[in-house]
Each structure stands twice: as C-alpha cells, then as structure tokens.
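Take a look at the chain shown here. The report below goes through its parts one by one.

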Amino acid sequence: MSDDLPLTAEDIAEIAAIIEASPYRELDISTRRFRLRLARGDGAEAGLTQEWQWAGSAPEAAAAVAEHAADPDAVPAPLPGTFYHAPQPGAPPFVAVGDEVGPETVVGIVETMKLMNPVHAGRTGTVAEMLVPNATMVAKGQPLLRLA
C-alpha cells in the first residue's frame with residue numbers, strides 16, 4: 001500500500017458519479033488503483049477514510065473495457081458516469097436496436113458531475129445490441145452498445 005498515489009480527474013469523476021447515484025449511507029469504492037471508504041453522517045459529522053492499494057484483480061467494468069479492445073463493433077463510454085438511453089426520463093431513447101447510425105449520431109449520454117456528455121456512435125452501422133441498461137454506472141471505455 002502507498003499513500004502517495006495522486007487522484008486523476010478521471011478518478012474524481014468516477015467517485016463523484018458513484019456517490020451521487022448511491023442511496024446508501026456508507027460506500028466502499030474500489031477501483032483498479034485505490035479503495036475509498038465513505039460514511040455519511042447525520043449532518044454533524046461524516047467519516048472519511050482513504051485507503052490506497054494496488055488491486056490484484058480488475059473489477060467487472062475493467063474486464064468489460066478489456067473485452068472492448070477485442071470488439072471493434074462496441075461503442076465505448078467516453079468517460080465514467082451514469083449512462084442514459086434518452087435525453088430525459090419519459091423521452092424516447094436516442095437509438096434502438098435496428099436503427100441506422102452515422103459517426104456523429106448520439107446514441108446516449110453519460111452524466112458525470114451533473115454534466116450530460118453525449119456519446120456518439122463513432123462510425124456508420126446498425127444498432128445490434130444494447131449492452132448496458134438505462135441509468136447504469138459505467139467506467140471509461142466500457143462497451144455501451146454494439147453496432148453491426
């Protein structure tokens with residue numbers, strides 16, 4: 001363990017997105033490079049401990065990111081956050097299975113720190129499969145959908 005590893009902007013965005021989406025009073029967040037334990041207080045005090053460690057095994061999202069490297073048809077998350085299929089609750093999704101898309105077609109959004117970031121298809125194709133359910137936390141590079 002080491003306590004001198006700096007947090008990157010990506011780490012902070014990932015932590016903020018996890019905390020914001022969590023209904024729990026206590027969180028234990030583990031990433032590839034660190035572990036962070038948070039406990040919400042009742043307004044008087046909140047406990048915060050930080051424990052850095054090198055993870056021996058990658059979390060599920062990291063495995064999905066590695067899998068994307070071998071799947072050129074997958075559209076990856078451009079940054080960590082919450083992935084949404086539609087621009088707002090109740091609105092139709094940006095795309096559905098069977099839709100034709102171009103490189104600039106918005107296929108979803110990733111919310112990070114209250115900012116809505118569009119996800120573009122990146123290439124021409126047909127939406128073959130939605131890999132991530134609506135309103136799901138995703139890691140940077142995690143496959144969101146697959147094009148054919």
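## A proline in a loop

Leaving aside its neighbours within four places in sequence, which residues is P92 in contact with? The answer is A86 and P87. This comes from a predicted model, as does everything that follows.

P92 sits in the loop between strand 5 (81-84) and strand 6. Its relative accessibility is 62%. Exposed means over 50%, so P92 counts as exposed.

## The chain as a whole

Now step back to the whole chain. It has two helices and 11 strands. Along the sequence, the pattern reads α-β-β-β-α-β-β-β-β-β-β-β-β.

The chain has 148 residues, and 32% of them count as buried. Its accessible surface comes to about 8,700 Å². Carbon and sulfur atoms account for 56% of that surface. Contacts also reach along the chain. Among those between residues at least 6 apart in sequence, 52% join residues at least 24 apart.

Four strands form an open sheet, in the order 4-11-9-6, with antiparallel pairing. Strand 4 (74-76) and strand 6 (100-101) stand at the edges. Each has a single partner strand, so one side of each has no neighbour in the sheet.

Go through the pairs in order. Strand 4 and strand 11 run antiparallel and are joined by three bridges. Here P76 stands opposite P143 in strand 11. Strand 11 also pairs with strand 9, again in the antiparallel sense, over three bridges. V127 stands opposite L147 in strand 11. Two bridges then join strand 9 (residues 125-130) to strand 6, and these two strands run antiparallel. E100 stands opposite T126 in strand 9.

## Inside the sheet

Is strand 11 largely enclosed or largely open? Strand 11 covers residues 143-147. Four of its five residues are buried, so strand 11 is largely enclosed by the rest of the structure.

## Salt bridges

How many salt bridges does the count come to? It comes to three.

Start with R146 and D71. They form a salt bridge, and their closest N and O atoms are 2.6 Å apart. This pair links distant parts of the chain. R146 is in strand 11, while D71 is in the loop between helix 2 (60-69) and strand 4. They are 75 residues apart. D71 has 13% relative accessibility. Buried means under 20%, so D71 counts as buried.

R146 also forms a salt bridge with E129, with the closest N and O atoms 2.7 Å apart. E129 lies in strand 9 and R146 in strand 11, 17 residues apart. With a relative accessible area of 35%, E129 is partly exposed. Salt bridges with shared partners join D71, E129 and R146 into one network.

D73 is in the loop between helix 2 and strand 4. R123 is in the loop between strand 8 (115-120) and strand 9. The pair therefore ties together parts that are 50 residues apart in sequence.

How covered are the two partners? D73 has 32% relative accessibility, so D73 counts as partly exposed. R123 has 27%, so R123 counts as partly exposed.

## A buried charge without a salt bridge

E111 lies in strand 7 (residues 106-112). Which side chain of opposite charge is nearest to E111? It is K114, 5.5 Å away. A salt bridge needs the two atoms within 4 Å. E111 is buried yet has no salt bridge.

E111 does have a polar partner. A polar contact of 3.2 Å joins the side chains of E111 and Y84.

Notes:
Residues are numbered from 1 along each chain as its sequence is written. This is a predicted model: local features need pLDDT of at least 70, side-chain atom pairs count only at pLDDT 80 or more; totals for chains, interfaces and linings use all residues. Side-chain values use heavy atoms; hydrogens and water are left out. Two strands pair if DSSP finds at least two bridges between them. Buried means under 20% relative accessible area, exposed over 50%, partly exposed in between (1.4 Å probe, protein chains only). Lys and Arg count as positive and Asp and Glu as negative; His and the chain ends are not counted. A polar contact is a pair of N or O atoms within 3.5 Å; within protein, one must be able to donate a hydrogen and the other to accept it, and residues adjacent in sequence count only if both atoms are side-chain atoms. Contact means heavy atoms within 4.5 Å. Accessible areas come from the Shrake-Rupley method with a 1.4 Å probe; for residues, only the protein chains shown count as cover.
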